[in-house]
Amino acid sequence: MKKNLKFIYLLFAAIMAVTAIAAKPRAVRPDLSTERQKARYYYLEGLRRQMADEPAVAYEYYKKASEIDPSYTEAASAFGTQRLAAELDTMQTRTELARSLSLMRPFVDKYPDEYNEALYYAYVAARIDSVKEAIRVFKRTAERRPDLTSTLVHLSEAYMADGDIDNALQALSKYETVEGYNPQVTIKKISYHLARRDTVGALGEASALVNHNPAEPAYRILKGNLFEMANQPDSTLLYYEEAERLNPDYGAAKIALANYYRQQGDSIRYDSKTYEALLSEDFDLGQKLMMLEEYLQKLLNDKQSTSRGDHLFSVLSEQYPHEPDVLDLAARYSAAKGNFEDACEQIGYAIDLAPSEEKYRGQLMTYQMADDRASDAIKTYQELAKHMTPSRNLMVLYASAAQMADDFDIAIEAYRNILKDIAPSLPLDTALTARNIPSSIQYDDLQRLSQIYTSIGDCYYGKKNLADAFKAYDNALALHPDNTLALNNYAYFLSENGGDLDRAAEMSLKSLDGENSSNPTYLDTYAWILHKKGENEEARKYQASAVEEAAKDGSEHAELYEHYGDILAALGEKSEALEAYDKVLELEPENNDVKQKIKTLKNAK
């Protein structure tokens, strides 16, 4: 709102200044009160300072004049106008904006033919939701100054904001009566008809557009769009094809037809028109990239043959063989298909063309990690660090790559550097409490710091350094007590290493709050802790949920079923436990521990 009002003020500032000069102060009558004479002095001085481009000083003079004589409408209006443009946020609240308008209103009503002030007042009123007031003043101005036809357009917009579509349309019709046919006004009328779902009325206006300029293909496309909304595919196609015939090279017609064919399930024509659109000179590279990215995303979402996308990709590759952004999209497309080797190759070409573009380096690291080449991702980062200062995002990728490669010392050092980057005043080697966490750290950064400490805890656990791992988890929870990953990992590792099972169960249960209530990993952790505590009936309930949720989202893994088998075996449910163990061997055929559990269970009496 503040920026809009400032723009509006600048727009009207020249008009207001001219008006201030033109509306010369009336000759001082002998019977002017002392207050009015004082107010008049400050008001005139405010005008002079405003003309001298000293708005802050003018503001103070107008304010003083208004305070001395609140009935002095000229001064009050000038003060209100200046308040609208004030840089202070406190002046831009709904309450203060309304107060500024109230200062201007007496002048607007006292001098209704001062149309510049009236239109400015009404325009601002509409922008701060004083729509009824805007309508009142726009309507009065339109009646008193019928030559100012643009007022009718503003009036129509105010009526629309008030939900009065009939009067909004009537105002635009009056405009056309005076000014004649105007395509932009007709398009606005179409939007008004659509606001009340009057497709018939919108089509009538679209027909007028087509008749007004039958050689303009854009109007045919607009009419085709309306027929599409009316669920009349034959008429939709007719107008799209007419638009293309009017201008065979018109890119918008190609896109309209491509989308039509896609909705009709005609993949051959869809691809053909998309291909033609990519060749069109109507679109720049950025638009073509967006177009192709949308096309590729639909292919992937619909699980259709990606060879179609490969064919269309060749269009841009041939047009722009040395554009890094095209290679970037090629890399992302390959990664989406699971071909990380090709993704690395494509983004590598982009890096060669734009070596200073850090995001490409980050993508290369991401693809390398996804391809189980964490050591290569580490090298990519270290090479980059020789030539430029890496961003925090790259630092996080580097730490993650080191952790993935089980190079825990490098990972811990990298994570500690990230902590320093986020919060230099944070005591890194101290147990954190509410007392020693700097109050200057923002909430979002508290969450980030907590996540980093969780990763540090995981790294220390990977090094089998339990003491430092648990300290890191404690710090993670001191920074953000609802860090579910820290709660889950801490609870599980605590239960696996002879820790306090009651505390572990409490943390694990907390991790299942809210949106994580169906997280299979967290459910598995809680069930396993309950099993360790000997509460196997309750454990089975949670582990069954974990197995069910994992099957839903495709995240099944061997440990999940092994835990289930152990819980069922503890309950004496031999056949069900064997089924769970068999599932483990389906996922990990060489799991000797589970083979031994099956053997033991089968031999048990």
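**Figure 1. Charged side chains across the chain.** This predicted model carries 70 positive and 96 negative side chains. The centres of these two sets lie 7 Å apart. About 31,000 Å² of the chain is accessible surface, and carbon and sulfur atoms account for 49% of that area.

**Figure 2. The helices and the overall outline.** Here you can follow 32 helices, with zero strands in the chain. The C-alpha atoms fill a box of roughly 115 × 70 × 55 Å along the principal axes. The radius of gyration is 35 Å, whereas a compact globule of 605 residues would have one near 25 Å. Of the 605 residues, 47% count as buried.

**Figure 3. Tyr59 and Phe79, an aromatic pair.** The whole structure holds 17 aromatic pairs. In one of them, Tyr59 and Phe79 sit 5.4 Å centre to centre with 55° between their planes, a tilted arrangement. Tyr59 belongs to helix α3 (residues 55–68) and Phe79 to helix α4 (residues 73–84), so look for partners 20 residues apart that link distant parts of the chain. Tyr59 and Phe79 are both buried.

**Figure 4. Tyr260 and Tyr261, an edge-to-face pair.** The ring centres of Tyr260 and Tyr261 are 5.6 Å apart and the planes meet at 70°, so this pair counts as edge-to-face. Tyr260 is buried because its relative accessibility is 10%. Tyr261 has a relative accessible area of 10% and is buried.

**Figure 5. An aromatic cluster.** To finish the tour, find Tyr461, Phe470, Tyr473, Tyr490, Tyr492 and Phe493, which form one aromatic cluster.

Methods
Residues numbered from 1 in each chain as written. Predicted model: local features only at pLDDT ≥ 70, side-chain atom pairs only at ≥ 80, totals over all residues. Heavy atoms only, no water. Helix = DSSP H or I, 4+ residues; strand = E, 2+ residues; numbered from the N terminus. Rg over C-alpha atoms; globule rule 2.2 N^0.38 Å. Buried < 20%, exposed > 50% of the residue type's maximum accessible area, 1.4 Å probe, protein only. Areas by Shrake-Rupley, 256 points an atom, 1.4 Å probe, with all protein chains shown as cover. Lys, Arg positive; Asp, Glu negative; His and termini not counted. Charge placed at Lys NZ, Arg CZ, Asp CG, Glu CD. Phe/Tyr/Trp six-rings, centres within 6.5 Å; stacked < 30°, edge-to-face > 60°.
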